[in-house]
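Thanks, everyone. Please have the sequence and the model open while I talk. I will go through the ligand site and then the fold around it.

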Amino acid sequence: MRIVLLGPPGAGKGTQAALLSRHTGVPHIATGDIFRVNVAQGTELGRAAQCYMDRGDLVPDEVVIAMVMERLSEPDCEDGFLLDGFPRTVAQAEALDLRLAALRSPLDAAMNFEVAEGELFRRLAGRSAELHRSDDGEETIRHRLEVFATKTRLLVDYYMHRGLLAVVDAEGRVREVNRRILDGLGIAAVVEASAWTSLALA
Ligand code: AMP
């Protein structure tokens, strides 16, 4: 199963990708998480990414693409992946297509998480208070939503034209959204009850 999760910050992609990864055993690859680990560890990649992240801007394509291509070449990705937060630009989507074409292993779907803007802002402000992420201040949140609207939303058309777009109504409780995704993919719910509590259901 090779899936990309599209949608604005705060749409719940990370939470749903983690659940889907438990269901399927396919690795959840979140580019934002990889960058945050690198920033925390003070690596060269982390130093290259930090100023962009703090401003709510996208890290340059060449940096992100190289990082994701390296991750996708690891053995756990042979049977698939759930890409969360990548691609975010058309150049990134094209780089992914080229790699998958070379491997003769095309994407199965691009899931587009749809949430109304007011709800997104409410969720991101809540996360800011909870997690103290350096890019969850009010101005930066607004900027990240603008960056999504100008650069990443183009990918909805990109994947629609390729017949890969699957729209996810991402409003409502985590459990309900998960149900919709599993129904859409035709997967039976097998996540044990403890998984729900450990994911801190909204
Ligand atoms: P996220 O956790 O997915 O919201 O990502 C946090 C930040 O990491 C973003 O605001 C960007 O600065 C950076 N980032 C993550 N993924 C990408 C990507 N695919 N392209 C460019 N920058 C990214």
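A polar side-chain atom of Arg36 sits 2.9 Å from an oxygen atom of the ligand. By polar contact I mean a pair of N or O atoms within 3.5 Å; within protein, one must be able to donate a hydrogen and the other to accept it, and residues adjacent in sequence count only if both atoms are side-chain atoms.

Before going on: this is a predicted model, where local features need pLDDT of at least 70 and side-chain atom pairs count only at pLDDT 80 or more, while totals for chains, interfaces and linings use all residues. Residues are numbered from 1 along each chain as its sequence is written, and side-chain values use heavy atoms, with hydrogens and water left out.

One of its nitrogen atoms is 2.7 Å from an N or O atom in the side chain of Thr31. A polar backbone atom of Val59 is 3.0 Å from a ligand nitrogen atom. Of the 480 Å² of accessible area that the ligand has on its own, the protein covers 95%; areas are Shrake-Rupley values with a 1.4 Å probe, and for residues only the protein chains shown count as cover.

How many residues surround the ligand? There are 16, and the closest are Thr31, Arg36, Asp57, Gly85 and Gln92; a residue counts if one of its heavy atoms lies within 4 Å. The shell splits into 6 nonpolar, 4 polar and 6 charged residues. Here Ala, Val, Leu, Ile, Met, Phe, Trp, Tyr, Cys and Pro are nonpolar, Asp, Glu, Lys and Arg charged, and the others, Gly among them, polar. Helix α2, residues 31–41, gives the most to this shell, with 4 residues. Helices (H or I, at least four residues) and strands (E, at least two) are DSSP runs, numbered from the N terminus.

Now the sheet. Its 5 strands form an open sheet with parallel pairing, in the order β2-β3-β1-β4-β5; two strands pair if DSSP finds at least two bridges between them. The edge strands, each pairing on one side only, are β2 (28–30) and β5 (165–169). β2 pairs with β3 (residues 81–84) over 3 bridges, and Ile29 has Leu83 as its bridge partner in β3.

α2 lies across β2 and β3, at about 65 degrees to β2. Contact means heavy atoms within 4.5 Å; axes are lines fitted to C-alpha atoms, for helices over the stretch in contact, and angles run from 0 to 180 degrees between N-to-C directions.

Last, the backbone. Phe86 and Pro87 are joined by a cis peptide bond, with omega about -5 degrees.
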